[in-house]
Amino acid sequence: MRTKDDIMYMIEEEGVEFIRLQFTDIFGRLKNIAVTPGQMDRVFNNRYSFAGSAAFGDRNCFDDKLYLYPDLDTFMILPWRPQQGKVAKIVCDICYADGTPFEVCTRHILKSVLDKMAAKGYSFTVDPENEFFLFHVDENGLPTTTTHEMAGYMDVGPVDFGENARRDIVLMLEEMDFEIESSHHEHAPAQHEIDFAAQEALKAADSIQTFRFAVRSIAKRFGLYATFMPKPRADVAGSGMHMNFIVKKDGKNIFRTEDGQPTKEAYSFIAGILKHAEALTAIANPTVNSYKRLFGGFEAPNTIAWSRKGEKALVNLDNNFEDTKVELRFPDGSSNPYLLIASCIVAGIDGVEKNMDPGSEYSDNTDMKDIKYVPENLKDSIAFLEQDKFIVDELGEEFVRIFKQIKTDEWKDYLREVSDWELNRYLFKI
């Protein structure tokens, strides 16, 4: 456990001049207040407040102040910032003035789920597979979807134009104590993947937020823009964020037998995910654009089914020589990692506790008439979330009410837009 004295020693020893107090809004976007070392007493005493509407993205729907409660163990110096006048960050929970957790703080929602599961003996490790694009910026420094490279899956330089940027991202992350397992070029031009080692669930969610922040910041140094948008271009594969789960009970992996075979609990965890898949899609794929990836071809995972190696199945059972994991293939990088991990944990454990059966494995011989698909758009997925009482109860009715309201408005905004596709198709014909 890191103490206040530890942090102040690091600040003084390393010459840190700014500390970012970071928090996450309900949609997974990182926010912060920057302070100087002279203000750390206020930080430690939880006296930094902000306009509560910032917890709801760009919606002005909360009038009261909220307060930042720092998690001291998350203090970290950012290695890509200047060596003189260094910058650090610390992750904060969102609370009311009296210290009561803000009920729709998504980090609090995950912590509550983990506390409830810990009381039953469960613990969770998660390792994400993070895909993103590195695009050029225009003359004003604004992002585009332009790239001049033609590299494909696991290609190398000089065909892979982003190789140097990706290498620096990995090296910087390792300076931040990430254990990077692998990195490579993905299928689409300018698309990349970096995978870091499994971590305890809360730390994994924190790490995903730090990872996204780091990737964008380091890409900018190369004159590039990093985006985790699921489908920035229609003509190539989209970006996902596959999530691999291991569940332990009383310290033992419940997915793997002593002789290395998947257990009944592994199949039941999968069954729980599949049972709640339509509701989970709203959390795992929370933008209009998410569904362009899921239903845009390129073997995107949209079938509510499981497999040992299928590209299109929502869930894969990965039983390798080291361990047994359940891989969720449908989430994307627009999701809030705290909500995503929390909702998948409760859905999977629901399957375990109710001894659910996932049904037959999906394969090329599966009769497609028997297959269900995830919702085809944001509107439908929000409706499924609202109808799934189990997930609503676990995430909190107030959170789901606000999430539904804002996401429904987002869907309506989308419907009002006139797209280039419509102009190209209809303007000269009608």
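Q: Which residues lie nearest the centre of the largest pocket?
A: Keep in mind that this is a predicted model, where local features need pLDDT of at least 70, side-chain atom pairs count only at pLDDT 80 or more, and totals for chains, interfaces and linings use all residues. Residues are numbered from 1 along each chain as its sequence is written, and side-chain values use heavy atoms, with hydrogens and water left out. A pocket is an open set of points on a 1 Å grid over the protein atoms alone, with protein on both sides within 12 Å along at least five of seven lines, and a lining residue has an atom within 4 Å of a point. The largest pocket has 31 of those lining residues, and nearest its centre are Phe27, Gly28, Arg29, Arg216 and Ser334.

Q: Which element supplies the largest share of the lining of the largest pocket?
A: Elements are DSSP runs numbered from the N terminus: helices (H or I, at least four residues) and strands (E, at least two). Strand 1, strand 2 (30-35), helix 5, strand 11 and helix 12 (397-416) each bring at least two residues to this lining. The largest share, 5 residues, comes from helix 12.

Q: How many charged residues are in the lining of the largest pocket?
A: Asp, Glu, Lys and Arg count as charged; Ala, Val, Leu, Ile, Met, Phe, Trp, Tyr, Cys and Pro as nonpolar; the others, Gly among them, as polar. Next to 10 nonpolar and 10 polar residues, the charged ones number 11.

Q: What is the volume of the largest cavity?
A: A cavity is a set of grid points where a 1.4 Å probe fits but cannot get out, and its volume is the space filled by probe spheres set on points joined across faces, edges and corners. The structure holds 3 cavities of 30 Å³ or more. The lining of the largest cavity includes Gln22, Phe23 and Thr24, and strand 1 gives the most to it, with 3 residues. That cavity comes out at about 40 Å³.

Q: How far apart are the end C-alpha atoms of helix 4?
A: The expected span of a helix is 1.5 Å times one less than its number of residues. Helix 4 (residues 163-175) has 13 residues, so it should span 18 Å, and the distance in the model agrees: 19 Å.

Q: Within what arc do the buried residues of helix 4 fall?
A: Buried means under 20% relative accessible area (1.4 Å probe, protein chains only), and in helix 4 that covers Ala165, Arg166, Ile169, Val170, Met172 and Leu173. The arc is taken from the directions from the helix axis to the C-beta atoms. Seen down the axis, these buried residues line one face of helix 4 because they fall within an arc of 165°.

Q: Which residues does His184 touch, not counting those up to four places away in sequence?
A: His184 sits in strand 8 and counts as buried because its relative accessibility is 11%. With contact meaning heavy atoms within 4.5 Å, its partners are Tyr153, Met154, Arg166, His192 and Glu193.

Q: What separates the C-alpha atoms of Thr147 and Val137?
A: Thr147 lies in the loop between strand 7 and helix 4, and it is buried at a relative accessible area of 17%. It touches Phe135, His136, Pro189, Ala190 and Arg233, leaving out residues up to four places away in sequence. Val137 is 10 residues from Thr147 along the chain, and their C-alpha atoms are separated by 9.5 Å.

Key: Buried < 20%, exposed > 50% of the residue type's maximum accessible area, 1.4 Å probe, protein only.
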